[in-house]
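This report describes how the parts of one protein model are arranged. Please examine the sequence and the structure shown here before reading on.

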Amino acid sequence: MANSDNNNKTAWQMATQVIHAGSGHDDPHGALAAPLYQTSTFKFANTEQGSARFAGEEGGYIYSRLGNPTTHELETRVAVLEGYDAAAATATGMGAIAATTMAFVKAGDHIVVSDAIYGCSFALFSELFERFGVHADFVDLTDADALTTALKDNTRLVFLESPANPHLKLVDIEAVSQILAGRDIKLIVDNTFMTPLLQQPKQLGADLVIHSATKFLNGHGDVVAGIVCGSADDIALIKGTTLKDMGATISPHDAWLILRGLKTLDVRMQRHCENAEKVADFLHKHSLVRKVYYPGLAEHPNHSLIGTQMRHAGAVIAFELDGDEAQSRYFLNQLQMIPLAVSLGDAETLIQHPASMTHSPYTPEARQKAGISDTLVRIAVGLEAAQDIIADLSQALQSSQQRWQRSA
Ligand code: 3LM
């Protein structure tokens, strides 16, 4: 990528920004940590001030669904990290996806969505949007011709994840943005698997970037939240329409927890990524593992995007055992330290079965088209000692092997 020097520069700048960006609160006591404004409403000095705030003639807070100082600090920090002017924090990642996409469509519009995305995003676009007269085509966005053919006069947005949940398929974001150039179509990228430290979609042409802040941004498995970053105009539209009137606003307390989590994002991501490389290597070499899906492996079809589009492959790995679905399930049930749980980006390594869990909202046909098999397992590598993660996987694989040999 032409801007790789810039990328290197931003990598070290961001190690500082995760701690300092947006921390401009003017607490009268000089508190270092962001003050938590755990309040639903804000007092006006008089009716003139209240009316002026509602009319947008005067700045200042009104009510925490519409804005809150703690939330604002989080929004500023993540907007800086992603390189945008503004951000809107939301109650969940799905809240961010719904509030963002619905702000740009109306009945009769068309959208293009990557064929491999998180299960509830698939349900939102394939079922709910359809009910409100917005049709989604799910397209393999690695195929430029397929994208060009899918675009229509009424296409309003393209939505993608790269790497994709659950099997880490990569989309060349810059190539997609070049195809959309000159058209009135928003390119929206869900950057949850990467964080701004590993990938900045704005540099690749994205108009809006979304995160499930539940995951790496918070990093401690104790919050559900989301955030969308974009231009000041786009964020004002989202805040002034879908977020204001549908109300998927983040709680100030959750915003505060994410601000705390963000301070260690850089060091956490380094450990997540180091551990993931070791786990991917272990799985890749294991005789019982048929296939590993991890962009850091040279055999991954889009491995060349590492170091260009993305700084690292991240910490989520998918794999298939050399067996059927029952064997995958047996293996998952043998794990002792690694919890069987959905989600990712936590200190704990988490493992799950996408076909029956995160991607159960897909129809079996759509799952097959997206390449999500019934035998697929997804592991979100955590911060434990890599040896302990590998030891648990190893014992579960060994006991699965013994059982298969017995039943053979
Ligand atoms: C999961 N994913 O385990 P929330 N975008 C991406 C995601 O992975 C997710 C969301 C948005 C998982 C959640 S499944 C019941 C658990 C790429 C969530 C939605 O609304 O904060 O959960 O984010 O893959």
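Two strands are said to pair if DSSP finds at least two bridges between them. Strands (E, at least two residues) and helices (H or I, at least four residues) are DSSP runs, numbered from the N terminus. The model is predicted: local features need pLDDT of at least 70 and side-chain atom pairs count only at pLDDT 80 or more, while totals for chains, interfaces and linings use all residues. Residues are numbered from 1 along each chain as its sequence is written, and side-chain values use heavy atoms, with hydrogens and water left out.

An open sheet is formed by seven strands in the order 1-7-6-5-4-2-3, and its pairing is mixed. Strand 1 (86–90) and strand 3 (135–139) each have a single partner strand, so one side of each edge strand lacks a neighbour in the sheet. From one strand to the next, the twist averages 20 degrees; the angles are taken between axes, which are lines fitted to C-alpha atoms (for helices, over the stretch in contact), and run from 0 to 180 degrees between N-to-C directions.

Within this sheet, strand 6 (residues 208–212) and strand 7 (residues 226–230) run antiparallel and are joined by four bridges. Here Ile210 stands opposite Val228 in strand 7.

Another open sheet has four strands in the order 8-9-11-10, with antiparallel pairing. Its edges are strand 8 and strand 10 (350–352); each has a single partner strand, so one side of each is without a neighbour in the sheet. Neighbouring strands are turned by 20 degrees against each other on average, direction ignored.

| Strand pair | Bridges | Residues facing each other |
|---|---|---|
| Strand 8 (residues 289–293) and strand 9 | four bridges | Tyr293 and Ala318 |
| Strand 9 and strand 11 (residues 376–380) | five bridges | Val316 and Ala380 |
| Strand 10 and strand 11 | three bridges | Gln352 and Arg378 |

Is strand 9 buried or exposed? Six of the six residues of strand 9 (residues 316–321) are buried, so this strand is largely enclosed by the rest of the structure. Buried means under 20% relative accessible area, exposed means over 50%, and partly exposed lies in between (1.4 Å probe, protein chains only). Val316, Ala318 and Glu320 point one way from strand 9, whereas Ile317, Phe319 and Leu321 point the other way, and all are buried.

## Helix packing

The axes of helix 4 (residues 93–102) and helix 5 come within 10 Å and cross at roughly 40 degrees. Helix 4 and helix 5 are therefore oblique to each other. Angles under 35 degrees count as roughly parallel, over 145 as roughly antiparallel, 65 to 115 as roughly perpendicular, and the rest as oblique. The crossing of these two helices is right-handed; a crossing has this hand if the near helix is turned clockwise from the far one by less than a right angle, and is left-handed if anticlockwise.

Helix 13 (residues 325–334) packs against helix 15 (residues 386–407) at an angle of about 135 degrees, and their axes are 8 Å apart. Helix 13 is thus oblique to helix 15, and the crossing of helix 13 and helix 15 is right-handed.

## Aromatic rings and a buried loop residue

Rings of Phe, Tyr and Trp (its six-membered ring) pair if their centres lie within 6.5 Å; planes under 30 degrees apart count as stacked, over 60 as edge-to-face and the rest as tilted. The structure holds seven aromatic pairs. One of them joins Phe125 and Phe129 edge-to-face, at 5.2 Å centre to centre and with 90 degrees between the planes. Phe125 and Phe129 are four residues apart in helix 5 (residues 119–131), so about one helical turn separates them. Phe125 is buried at 0% relative accessibility, and Phe129 is buried with a relative accessible area of 3%.

Ring pairs also link Phe122, Phe138 and Tyr362 into a cluster. Elsewhere, Lys202 lies over the face of Tyr84, at 5.7 Å from the ring centre; a charge sits over a ring if NZ of Lys or CZ of Arg is within 6 Å of the ring centre and within 35 degrees of the ring normal.

Where does Ile117 lie? Ile117 is in the loop between strand 2 (110–114) and helix 5, and this residue is buried, with a relative accessible area of 0%. The C-alpha atoms of Ile117 and Ala164 are separated by 5.6 Å, although these residues are 47 residues apart along the chain.
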